[in-house]
Each structure stands twice: as structure tokens, then as C-alpha cells.
Amino acid sequence: MEEFNTQLFDLSPTGDLVVKEGYYQYNIIDIVKKFGTPTEVFFPYILESRLRDVIDLFNAFIKILGYKGKFYYHYVMKVNQNREYVLAAIAEGAHIEVSSANELFIVKKMLEKDKFNPRIRVTCNGPKTEQYIRLIEELRSKGLIVVPVIENQEEFERLKKFKGDVGVRVDLDVKIKAHFDKKFNHFGFAEDELRKIGKIRNLSILHYHISTQTETIEGFVKPLRRAIKLYADLKKHNPGLDTINFGGGLGVPFEKNRKFYTTKNLVNQIIKNAKKECDKLEVKHPNLVSEWGSYVTAPSQITVFKVLAEKQVNGKNNLKWYFVDGSFIAHLTDTWSVLRHKWHLIPANHLNARKLQKVWLAGSTCDADDRYTAGGSYMMMPKIEEGDDLYIVAFDTGAYQGSLSNNHCLLSNPALVVCQNGEARLAQRRETPEDVAKQFGW
Ligand SMILES: Cc1ncc(COP(=O)(O)O)c(C=O)c1O
């Protein structure tokens with residue numbers, strides 16, 4: 001099933017997990033035997049093909065439906081700031097979205113190395129500190145197209161004299177089915193506030209981001225129709241306004257039984273509805289920008305742990321704890337924090353084992369919450385035979401887990417291995433005790 005990338009996964013004759021790249025293949029057990037665990041394994045070609053699919057789908061439906069605006073994809077840096085990810089996305093035609101001065105600093109580093117085609121656009125979300133604004137101004141003066149997205153009255157005042165294009169973020173008055181269906185949102189201006197402001201110097205982008213893991217197509221279409229009404233009103237005072245950025249939110253089926261809409265159908269509905277609404281309001285079709293971060297990055301990485309020990313779950317005869325050498329709090333932080341989602345976890349070896357065991361997984365920090373029980377259910381994993389190693393792999397870990405990770409109990413952050421063109425290379429070594437101690441002043 002393509003939504004799960006299952007066409008890329010296979011098992012070796014000895015039951016090891018194998019990931020395919022055309023006619024190359026990577027045996028995950030060979031990789032972890034070489035680089036140790038816990039290890040994150042990144043497949044840039046998965047990121048690239050998902051990103052390319054999004055761009056191609058938008059361009060195709062724009063053509064088929066006679067939509068007059070253009071489509072731009074912006075790589076959302078907060079989703080994964082690792083160099084390999086950012087460069088892979090840019091190589092595939094992504095523009096960039098940053099949400100802090102430090103993320104913009106990475107853009108500055110790339111610019112200094114002459115890495116960009118000067119037509120790349122960088123949009124800047126997030127609270128604008130003075131340091132952030134100065135960096136925006138500096139990069140603009142160096143010829144980069146940097147567009148600050150104004151989120152409140154203070155930023156509006158501070159950026160009144162900004163010479164380049166600006167965007168404005170709206171907190172749309174809509175309710176949809178999604179992970180963050182919060183009643184009160186602290187991002188952006190209320191719709192009426194923007195109508196009241198009217199003229200915003202050099203306004204080119206109307207931006208909103210409703211939520212991550214949006215559950216239905218209606219969850220995209222409803223806010224878009226509302227945003228187009230606002231766009232039509234704002235355009236009367238701001239003729240340079242020509243773009244709607246609808247943020248992130250395309251869902252990833254982290255769980256095996258979860259099913260989302262297809263991306264093709266979604267893009268079709270987005271373009272169809274944008275056209276219909278604009279034509280009804282007799283307003284020029286805006287360019288459309290997506291910042292679909294998780295969808296593009298999450299499935300391009302897996303995280304592999306080794307089982308260190310096993311133990312009976314007290315009071316449950318047929319259930320065992322398998323202790324892994326990583327952590328659900330430190331390394332797969334969304335298990336427990338922001339998204340609290342489930343993962344698709346399987347053994348990375350002994351995949352053809354006949355003797356299976358019901359298990360819960362325990363992480364390596366001291367925390368009672370550092371465990372994975374598949375939402376109170378259990379997982380079937382191979383029984384561990386005397387003298388055998390068992391490795392466990394979590395799929396779809398490429399979004400957010402890196403920057404959300406932490407050193408609880410001073411665990412080291414995992415190594416990052418990149419697989420491309422038939423070769424597996426170490427991109428970042430696992431943190432050493434010295435690395436970790438240094439962060440705490442030792
Ligand atoms: C402004 C903005 N754009 C895009 C995204 C990416 O969202 P997702 O990963 O759900 O696509 C986020 C996530 O928080 C965001 O805040």
C-alpha cells in the first residue's frame with residue numbers, strides 16, 4: 001500500500017528487514033551491527049519522491065482544472081533541521097519556511113556557501129525577536145527573498161518600514177477535525193482585525209496553519225474557502241497580495257489501521273474549491289503554498305533499538321516487558337508529549353520467527369511513562385532465544401522526533417545513518433558521554 005511505503009520494505013531470506021532503493025537494498029541489521037543502536041536511518045529518496053509527488057499533483061490539477069495561480073512547496077524546517085533533510089528537500093525544488101532566528105541562521109549558512117539559486121523564497125514564521133528581524137533584514141539586503149509573516153500588532157509596527165514583501169498570519173474562525181482542534185489559538189490576527197487594518201505595506205501572502213494530522217479533506221477545504229473570502233477583502237486594499245499559504249497538516253497514518261484520504265483526491269479538492277470560491281467572488285486565483293511537513297519527512301526515517309532484557313509483566317502471565325536501549329521519552333518523544341501518537345513498530349530481525357510473544361516495550365530512562373504499550377494493547381514480537389539479539393524498528397520517525405528529543409537520564413541522542421545510492425553512511429555519530437556531559441557544564 002503506497003501510503004505506508006510498503007513497496008519499499010522486504011525481508012531477507014534470514015528474516016532481516018530490508019529497505020529497497022530501486023535495485024539497491026539496505027539490510028537494517030547489517031547497518032545496526034556496523035553503527036550500533038539506537039540509530040535513526042534516513043532514506044533521502046523517500047523524502048524526495050513524496051515531495052516530488054506533492055509538487056507534481058498540484059501542477060497536474062492546476063493544469064487540468066484551469067487554475068490560474070501557481071503552486072509552491074515550502075520545506076518546514078522545524079520538522080527536521082538535519083542538514084541531509086534540508087538539502088534533499090531543496091534539491092527537489094522546495095522553498096523554505098523557518099520559525100525562529102536560529103533556523104534562519106541555518107539559511108544564512110547555506111547562503112554563505114553559495115548553495116542557493118537566488119529565486120528560492122524563505123518565509124519566516126514565529127515570534128520576531130529583534131535578533132530575528134535583523135537577520136531577516138540582513139539576508140534580504142544580501143539578495144535573498146525573505147518574507148516575514150506578521151503575527152501580531154507589535155510585529156506589524158516594527159515591520160512597517162520593511163522594504164521587501166511581507167505576509168500576515170490569520171487565526172481563521174473555523175473548527176475542523178484534527179489533532180489540534182483548539183478552541184483558542186494564540187497564532188496570528190483575528191479575521192476582523194485584519195479587515196480593520198486594511199492596508200499592509202508590501203503584503204503578498206495570507207498565511208494560516210490550522211493543525212497537524214488533519215483527519216478529513218473537509219478540514220482543508222473549509223478553512224481554504226474561508227481564507228479566500230478574507231483574501232478577496234484584503235486584496236481590495238492590497239493589490240500586491242497574490243498568495244495564500246495554507247500551512248501544514250497533511251496526515252501520516254502512523255498506525256497500521258489508520259486510514260486517511262488520498263493525497264491525489266485532496267489536491268484535486270483543494271484546487272477545485274479554490275477556483276470555485278475565487279470565481280464566485282470574482283477575484284484573481286492566488287498562488288498556493290503548502291507547508292506539509294510531516295507528510296513529506298516522517299516516512300523517510302526509521303529508528304532502530306536493540307532489546308537489552310526481558311521481564312514478565314507483573315500480574316499478566318502471558319505478557320513480557322522488552323527493555324530497549326533507546327527511549328520513548330527521549331527519542332520518540334511524541335509517544336508521550338505533543339502528538340501522543342501510536343507508532344508502527346515491528347522486529348527488525350527474526351521477521352520469520354514462528355515463536356512469538358506478547359510484549360510491551362520499556363525505554364531506558366527512569367520514567368514510568370517511558371514505555372510503549374500500543375495504547376494499552378500489546379505487540380507480537382519474536383521470543384528471544386538464548387544468545388540471540390533482537391532489534392526493534394519504529395517506522396515514520398522522520399518528523400519532529402529529532403528536535404523534540406532530549407537527554408533525560410543523560411541518554412545519548414541516536415546516531416543518524418543516511419542510505420542513498422546503495423551506500424549507508426554515518427551522518428551523525430551517536431552522542432558520546434563527553435558530548436552529553438559537556439551540555440550540562442561538565
Ligand atoms: C506554520 C506551520 N506550518 C507548517 C507546519 C507543519 O505541519 P505538518 O507537519 O502537520 O505538516 C507547522 C507545524 O507545526 C506549522 O506550525
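This is a predicted model: local features need pLDDT of at least 70, side-chain atom pairs count only at pLDDT 80 or more; totals for chains, interfaces and linings use all residues.

Leaving aside neighbours within four places in sequence, V107 is in contact with M77, I96, V98, F116, V122, L139 and L144. Show these side chains together with V107.

Now widen the selection. V107 belongs to the largest nonpolar core, which has 82 residues. Along with V107, the members that touch the most others are Y73, I96, L104, L206 and W292. Next, colour helix α8, residues 218-237. Helix α8 gives this core its largest share, nine residues. Then colour the two domains: domain 1 covers 2-44 + 305-439 and domain 2 covers 67-291. The core takes at least three residues from each of them. In soluble globular proteins, nonpolar side chains tend to be buried together.

For the next stop, select Y322, L345, A374 and L390.

Which strands make up the open sheet, and in what order? There are three, ordered β1-β2-β3, and their pairing is antiparallel. Select β1 (9-11) and β3 (24-27), the edge strands, each of which pairs on one side only. On average, neighbouring strands in the sheet are turned by 35° against each other, direction ignored.

Last, show helix α1, residues 28-35. Helix α1 lies across β2 and β3 and runs at about 55° to β3.

Definitions and conventions
Residues are numbered from 1 along each chain as its sequence is written. Side-chain values use heavy atoms; hydrogens and water are left out. A nonpolar core is a set of buried Ala, Val, Leu, Ile, Met, Phe, Trp, Tyr and Cys residues joined through side-chain atoms within 4.5 Å. Buried means under 20% relative accessible area, exposed over 50%, partly exposed in between (1.4 Å probe, protein chains only). Helices (H or I, at least four residues) and strands (E, at least two) are DSSP runs, numbered from the N terminus. Domain bounds come from an automatic or database domain assignment. Contact means heavy atoms within 4.5 Å. Two strands pair if DSSP finds at least two bridges between them. Axes are lines fitted to C-alpha atoms, for helices over the stretch in contact, and angles run from 0 to 180 degrees between N-to-C directions.
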